[in-house]
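Please read the points alongside the model.

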There are 6 protein chains.
Amino acid sequence: MPKKLITFGEVMMRLSPPGYEKFSQASSLELVYGGGEANVAISCAYLGMKAAHVTRFPDNTLGKAATQFLRRHWLSTEHVVYGDSMMGKYFLEKGAVHRPSEVIYEREGSAFSMIEPSMINWEDVLKDADWFHWTGITPAISDGAAQCCLDAIKTANKLGITVSGDINSRDNMWKYGKTMQEVIPDLVEHSDVVITSSRGIREMFDIGKIEDSFKSLAKQLIEVYPKIKKVVKKTRRTLSASHHQIQGKIYNGKEYIKSDMLNITHIIDRVGTGDAFAAGLIYGLLHYKDEEAIEFASAACALKHTIPGDVNMVSLENVESLMQGDTSGAIKR
Amino acid sequence: MPKKLITFGEVMMRLSPPGYEKFSQASSLELVYGGGEANVAISCAYLGMKAAHVTRFPDNTLGKAATQFLRRHWLSTEHVVYGDSMMGKYFLEKGAVHRPSEVIYEREGSAFSMIEPSMINWEDVLKDADWFHWTGITPAISDGAAQCCLDAIKTANKLGITVSGDINSRDNMWKYGKTMQEVIPDLVEHSDVVITSSRGIREMFDIGKIEDSFKSLAKQLIEVYPKIKKVVKKTRRTLSASHHQIQGKIYNGKEYIKSDMLNITHIIDRVGTGDAFAAGLIYGLLHYKDEEAIEFASAACALKHTIPGDVNMVSLENVESLMQGDTSGAIKR
Amino acid sequence: MPKKLITFGEVMMRLSPPGYEKFSQASSLELVYGGGEANVAISCAYLGMKAAHVTRFPDNTLGKAATQFLRRHWLSTEHVVYGDSMMGKYFLEKGAVHRPSEVIYEREGSAFSMIEPSMINWEDVLKDADWFHWTGITPAISDGAAQCCLDAIKTANKLGITVSGDINSRDNMWKYGKTMQEVIPDLVEHSDVVITSSRGIREMFDIGKIEDSFKSLAKQLIEVYPKIKKVVKKTRRTLSASHHQIQGKIYNGKEYIKSDMLNITHIIDRVGTGDAFAAGLIYGLLHYKDEEAIEFASAACALKHTIPGDVNMVSLENVESLMQGDTSGAIKR
Amino acid sequence: MPKKLITFGEVMMRLSPPGYEKFSQASSLELVYGGGEANVAISCAYLGMKAAHVTRFPDNTLGKAATQFLRRHWLSTEHVVYGDSMMGKYFLEKGAVHRPSEVIYEREGSAFSMIEPSMINWEDVLKDADWFHWTGITPAISDGAAQCCLDAIKTANKLGITVSGDINSRDNMWKYGKTMQEVIPDLVEHSDVVITSSRGIREMFDIGKIEDSFKSLAKQLIEVYPKIKKVVKKTRRTLSASHHQIQGKIYNGKEYIKSDMLNITHIIDRVGTGDAFAAGLIYGLLHYKDEEAIEFASAACALKHTIPGDVNMVSLENVESLMQGDTSGAIKR
Amino acid sequence: MPKKLITFGEVMMRLSPPGYEKFSQASSLELVYGGGEANVAISCAYLGMKAAHVTRFPDNTLGKAATQFLRRHWLSTEHVVYGDSMMGKYFLEKGAVHRPSEVIYEREGSAFSMIEPSMINWEDVLKDADWFHWTGITPAISDGAAQCCLDAIKTANKLGITVSGDINSRDNMWKYGKTMQEVIPDLVEHSDVVITSSRGIREMFDIGKIEDSFKSLAKQLIEVYPKIKKVVKKTRRTLSASHHQIQGKIYNGKEYIKSDMLNITHIIDRVGTGDAFAAGLIYGLLHYKDEEAIEFASAACALKHTIPGDVNMVSLENVESLMQGDTSGAIKR
Amino acid sequence: MPKKLITFGEVMMRLSPPGYEKFSQASSLELVYGGGEANVAISCAYLGMKAAHVTRFPDNTLGKAATQFLRRHWLSTEHVVYGDSMMGKYFLEKGAVHRPSEVIYEREGSAFSMIEPSMINWEDVLKDADWFHWTGITPAISDGAAQCCLDAIKTANKLGITVSGDINSRDNMWKYGKTMQEVIPDLVEHSDVVITSSRGIREMFDIGKIEDSFKSLAKQLIEVYPKIKKVVKKTRRTLSASHHQIQGKIYNGKEYIKSDMLNITHIIDRVGTGDAFAAGLIYGLLHYKDEEAIEFASAACALKHTIPGDVNMVSLENVESLMQGDTSGAIKR
């Protein structure tokens, strides 16, 4: 019986020029959909889990097409709600070598940003779930979104469902009047697994010093928020827009474990690779010991760099093969 | 020395699935740009006139790409202003036969809707122009846009420049607190040429009765607004989404003249055909007598139905040939 | 509470050259999926019904991608089964005017043709359904498929679910040793609604004479199979590959009612239009009286001719508008 | 044993914007190849004949790619010669309804225009052929091309091979110093079948008067050039760029026979339709009586209007079906 | 006078999502054709040799389109036979970095697998050939295919034509009842050149031990099958799906020669690279000494990794330049 | 107030197969436009300068479309002249790894090659410019082009405008009767900045010996042509068609300064990278000291390798970021 994951957050229309074109030369845009939390759900679904995503779309053809994207990629969409008329969007120009990829967001006033706690019945949504995952993007969008997220986490706690949060957030995303320092800690307090960075821990929780190692910071975080069982970090070394290196690290209250460093020499699409890592972590923690879970997460992350679009569509077999050290990518017939 | 036209209004990104696909099946969207007034300017530029468009775009890569579209299609863009961050957009699903084309607008909060009168120096913009054209869409967008439009018209009056207005508007477009009945008449009062419909005259100006002919309504309109010299109407018979008939009608204070009825049996793209009519009318009135001008306008309108995108790119030679009755579309080698 | 439809049958990969290209010039093929029964389910889903499709796909990436197509287009796929390795396929070359479209099937040995009755638990599949629909294609594929179909129909009868059958079939499809005359009557005997033609009635059931009208043949059919409540026919007049006329006819045991004749002057894709008719009929009979139901079915069928691919994605609003006589296809903003 | 056709003439690279785009909007061009005589050869090859084309291409990758196009479409290319460096080209912008298609040629200085009689050994080329076909385009290109064409015709005469000429030509094509009146008659004198028009006969041969019927002109032509056995004409009625009517007419020295008028209501690509007519005529005269041959030619011509590109790829079965009056284009499964 | 090569084997339709898409996201598939032996023939044809391929295709439009692909790429197809109705196919999902490319075959029941010895007259096919090439795939397909292959080889022996075999095969391909150990040795016995691997020699012929070097195994093979003159191996080091290294090795009964190692750092398409090696070897052995031949083969193989599709289209000039050590890929103007 | 650049030279239509296809497989060609000097102007325009290009196009739709390309990419085209009918063209097949890109030019007889000095009024063109740039390609095209170029340079001298020349040229380009040694020195004599190579200096000016360093050659060049203030060189190390290294070097009469070596590991399009270097140099010398200018030029050049097409569309921000050493290409949100 596959485990079931619930995620919550905005899903945006992603529009990008074909190949390496710039907007200044494009006459068509490739259309997919993506959002940090839904990306995690879809990744887990491709790995064999059950997954449902909760979001709010405009009540029109575009909102329906976005829902259809989620359904196509194996998500249950029965808890999606509809209203208002603007679809969140982001525009992506893909870079290479020394040229950075560039992202322009248009999400102010989106249907999702207008979400209110009364619109979602979390008891119903979470009733047969095993895991709930949130990210630091959602509470940054609007007060309503932040409240919905907190409601979800508290309901998950009540139902005994594991909660993970990927709390990477950027100051410049918080525009509705609250800061991340005011909002994130309440959400983290009720979470079991936290994906973050040294800087994230220092900035969001006022914990630790600049010279503290990630292990030390993770330890301090668990001391303050004792519900947390795992503090996890993904290290990315950006050699160029076409070549990254990835390594996962996990502190489980006792041990501090690092995965192998994976060398992604020919990047196809680096968007959503953090979400692939989170998905790999969730799947990994549900099915393996910590040592293997962090290898699985890193492998999933590495493989996502080769898939166009936001979402990781690799199979369990692909991830396991890389987790076990086969980096050859040798053709399968 | 070619005549120079100035237009003012929002230009939107137009995103549409390829061919006759619906959004529910699209994996890419075709990208062009369009807006009623800019469409008129571009049409006139392809006919050989000089033309500049005044608008406001977001101050980012997308705003620049939109500007580049206008430049590519021969417009001068030196008076475009930039600010804020949202690009106006519309999504178009192309219909056929009994299936209607469907349009979804996303223009609330766009950079253009935030325009303020102080942002544009109309004396400078209009200094060497021959004609200024506006439409009923612009004053519906925001108070700032309406004021800019009125400023432009008054400056044109001061400089002795002909003013035309295409005043078709829809009640449901007016969302910022004013009605079209409050705003449009002030703009029309200072215009020389008005494109409208029987219903438009009755609803916007409280002129005439339901049983009045267009000629009678046009006469009454001129009596109330004596600056108006021509009242023009385009009749469209919609046999199906793939087959329309077009006829132009003009009342010049003395005569009421109708063009031939043109039969567009295989429509490629019907968006912007009204703007092509307006452009044909402007070119026609500048270069021909009224009888020929209305034939020219109808011919330009008919030809636009065969061009993909919002804007009419046909040559003067094409329009003249159709105006003179050659409906054969025989291949040119 | 929307009504729920269950359908059963093969879904094939459809591969066709872009536009009007022939295979002799193609360097890519457009990929969608289709099959008579799934097409009906998807149409009904777009109209607002709940719908699930039961089929068998190869247990590989292609079978999953086909499942994803069904999910994307709103179907529930929880009862799809997997096994063997060949995907049914059809190749379509689209014609125009005097040039016929051409279809090449490759479905022998497909995963679906290997289906066995034990693979599907119909009690479970049908437990909360309102309607079951089958076609004459399924029993022609293999003995296993025919038996599954009969099991489904009998289970539906037991559960009090309405059964409809679209029994158009072609002799040359029956290759596994049985004839349509041996198999179809058993299936029809337990059906409530039958879509057929005069020739179909005469050939499959040995009922009526060549000079009998459809109404007379329908009457005779009901006399022999008294469970049947409606006998329905779609008349297609093929003026050219680009221009058809469609009219629906229904005999309900008392009245013989004809819809308006719809004139599809610019066909985009005629495949699946019969399925769109069947879907319209099912929706119509569930929501309207017979007079309106047959108009609804014809309107749905006509609209499908404008949608690329096998499946009808038009909205309830579109069909109702055409059913009520608006053939103009006037743009919706 | 299939009959063998030899053709001779320039083959150009054809570059055209996708769909109905204009060059002012194109970011890619569709690439095929075409030329009046090669188009005839390919059509005949698709009908089941053997066919070889003789031409001259630049000695580079582009010349090879053009050769590969001919090979792909069933021609023998063993007699193609190579030299110089410029590929003949034409640019095509496809029109619709009232908008004409527009063609821009770039063939001056092409490798073919540099051809010299010594480059081709016609005895060898024609040794096992049944038919040689030429058009009035080739002698208009250069003196060398005209001489090669005459050599071919004379060699064909010597070997007892039937010769047909499609002598439609335009004054503005003749730029190398000779006129069509000086060159064409010598070629026609040795031909058995001539495709032309009333105007063509009057202008090229100084035969007949403006009021003479085609039949009368054909008769006079045969009197002057007694080797001619059939004089053939294709009448095209151009209702719009999207809708033509086609009728074939043949005078065989005794009878004057007209085919049915075919109504091509939705044109896909009208280029090469005259060549499809010529090919149909050749095939028809080789396999049928004159009455059927002219129906076959008209049917082939009509079908070409539905095929993208210059060349007619329809099957013998398609043409025969239309020749026998089935204009329905009903789908073939 | 160019040398002539004959090859024999199945040619499949190859369908693959564009770029790096997975089947789960594709809405179109790129269409080319390929098969190990035809790939060799085409490569040799691009290098300047004459080449004909013998195969069997379904007797329909798809079989003709496949034939047209071979003709386009310079092969003679006069010995292709037609019958039955299924086209062999393979589906390819292209990988990158750690993600493997994945291939799904659908070739059971294909027209080629139904081939029988009586269908091909090898005396006629081989009458003016210089070389016959076969691979270990063909005898794995069906007993008929294996027999045809043996007939061809024996006829070649009789006519004094050099025979090469690329005997790499996989156990899981042999499904018709015979094993590779039963079939391959008979074919090898009559071959002059064998491409294989250490494991291939050990497994197929029960020759050598696990610790034997390739040179030693090659020597033992020649001792058992004295007709063999060259035993050749291509070593591939798979650093990732995007980066391989290639080296060729040849044992000619006296010397054991290795080519330079070529470093393919940015793979475009690795399918067919083994066939490009075989083609390079054939061309090389026909035109150079062994030392150069093995360099030529490696260079041809390396270059194929940069060509999309199954077949190597590089020119002789390209291969010679790389063979001579110019690895710079510097632009040619 | 941005600085204004004027450039002069041919702009060609560039036609290339999609991705890494060869002409032997292409069914469409990607269409952009390019030419060494216009590429420089466009690059500078994207960096924020004003720029106008002077050229001659055919007086037809293709010439207009080329003009529209320049306008789209921010150039002023008011000084473009039109006449004759042939568009210059080049065909590009993109290589990878060991496979070279291949270029075929078709520019003989082009509208630009027919240019005459009387067609351009340089006083008018250059009146408000700050910089004029020419390349060694223009004087190689025709005597008229060479004279126009010299006129432009002399007029620039008269008006006190800085002149730069990128004098790389190839012997095989000079076909109209003059050699580069006869023509280039006169142009260089009046130039302030010269981009060249050691070999260029030795071959064009008969200056220096094979063993002289670039610094020494540059010094000698300035001694002979004292108007020259900077002699600049771009060193390219071609590791493969997919991997280059770039370094800029400048001698300013006093110092010899080298930029960092930039490592372009995943080339997208290497055409126009020299022009991007020249543009970076012009922008750099106008806005920075020499040390930074040469870093800026190298950075601009490196970034162009990641942009499809001939022209560099990167922003000032992108170049400055790389100039300052950020080679990470880290995503910008």
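1. A residue is called buried here if 20 or more other C-beta atoms lie within 10 Å of its own. The model to which this criterion is applied is a predicted one.

2. By that criterion, both faces of strand 2 of chain A are covered. Met12(A), Arg14(A) and Ser16(A) are buried on one side, and Met13(A) and Leu15(A) are buried on the other. Five of the five residues of this strand (residues 12–16) are buried, so strand 2 of chain A is largely enclosed by the rest of the structure.

3. Strand 2 of chain A has pairing partners in its own chain. With strand 3 (residues 28–34) of chain A, the pairing is antiparallel and comprises five bridges; Leu31(A) in strand 3 is the bridge partner of Leu15(A). With strand 7 (residues 89–93) of chain A, the pairing is parallel and comprises three bridges; here Arg14(A) has Tyr90(A) as its bridge partner.

4. As to symmetry, chain A is superposed on chain E by a rotation of 120 degrees with 0.0 Å of shift along the axis, at an RMSD of 0.0 Å. The two copies are thus related as by a three-fold rotation axis. Within chain A, the residue that comes closest to the rotation axis is His266(A), whose C-alpha is at 4.6 Å.

5. Between chains F and A, 22 residues of chain F are in contact with 22 residues of chain A. On the chain F side, the elements that give two or more residues are helix 10 (290–304) and helix 11 (316–323). That side has 11 nonpolar, nine polar and two charged residues.

Terms used: Residues are numbered from 1 along each chain as its sequence is written. Chains are lettered from A and ligands numbered from 1 in the order in which they are written. This is a predicted model: local features need pLDDT of at least 70, side-chain atom pairs count only at pLDDT 80 or more; totals for chains, interfaces and linings use all residues. Copies are superposed by least squares on the C-alpha atoms of residues with pLDDT of at least 70 in both. Two residues are in contact if their C-beta atoms, placed from the backbone, lie within 7 Å. Helices (H or I, at least four residues) and strands (E, at least two) are DSSP runs, numbered from the N terminus. Ala, Val, Leu, Ile, Met, Phe, Trp, Tyr, Cys and Pro count as nonpolar, Asp, Glu, Lys and Arg as charged, and the others, Gly among them, as polar. A residue is buried if 20 or more other C-beta atoms lie within 10 Å of its own, exposed if 12 or fewer, and partly exposed in between; C-beta atoms are placed from the backbone. Two strands pair if DSSP finds at least two bridges between them.
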